[in-house]
Amino acid sequence: MKKTMVIGASTNPARYSNLAIKMLLESDQPIIALGLREGMVGDVMITSEKKMFSEIDTVTLYIGAKRQPEYYDYVVSLKPKRVIFNPGTTNPEFQELLEKNGKKGIHP
């Protein structure tokens with residue numbers, strides 16, 4: 001099954017990343033959550049460590065462009081099929097880097 005990584009995951013139920021995790025859980029999607037602070041959303045553990053996970057199909061971003069540079073190399077190294085730039089996360093520099101590495105960046 002395709003794994004989705006949520007970057008910018010939060011335990012705060014008012015945050016869109018939290019809502020996204022809950023929707024993915026309802027769809028029985030495997031989720032990896034990466035955030036500033038560790039915690040839980042449902043039965044999904046939020047980690048703050050950039051571990052090398054395998055078979056990541058989709059990375060969905062919930063962090064702004066100013067915070068994204070520290071994730072560039074990490075996301076590229078995960079080799080996802082696509083990266084979703086959610087509203088407020090648009091970043092032409094990151095988009096270009098992904099395209100140079102054969103990845104698709106999507107803006108909903």
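In the predicted model, strand 5 (residues 56-61) and strand 6 (residues 82-85) run parallel and are joined by four bridges. Within this pair, T58 of strand 5 has R82 of strand 6 as its opposite residue.

Both strands belong to an open sheet of seven strands, arranged in the order 3-4-2-1-5-6-7. The pairing in this sheet is mixed. Its edges are formed by strand 3 (39-41) and strand 7 (104-106), each of which pairs on one side only. On average, neighbouring strands of the sheet are turned by 25° against each other, with direction ignored.

Helix 3, spanning residues 92-100, packs on the sheet. The helix touches strand 5, strand 6 and strand 7. The direction of helix 3 makes an angle of about 170° with that of strand 6.

Two loop residues have backbone angles of note. D28 is not a glycine, yet its phi is positive, at about 60°. This residue is placed in the loop that runs between helix 1 (16-26) and strand 2 (31-34). The relative accessible area of D28 is 60%, and D28 is therefore classed as exposed, the cut-off for that class being over 50%.

A positive phi is also found at E55, a residue other than glycine, with a value near 55°. E55 is located in the loop between strand 4 (44-47) and strand 5. With a relative accessible area of 65%, E55 is likewise exposed.

Notes:
Residues are numbered from 1 along each chain as its sequence is written. This is a predicted model: local features need pLDDT of at least 70, side-chain atom pairs count only at pLDDT 80 or more; totals for chains, interfaces and linings use all residues. Side-chain values use heavy atoms; hydrogens and water are left out. Two strands pair if DSSP finds at least two bridges between them. Axes are lines fitted to C-alpha atoms, for helices over the stretch in contact, and angles run from 0 to 180 degrees between N-to-C directions. Contact means heavy atoms within 4.5 Å. Buried means under 20% relative accessible area, exposed over 50%, partly exposed in between (1.4 Å probe, protein chains only).
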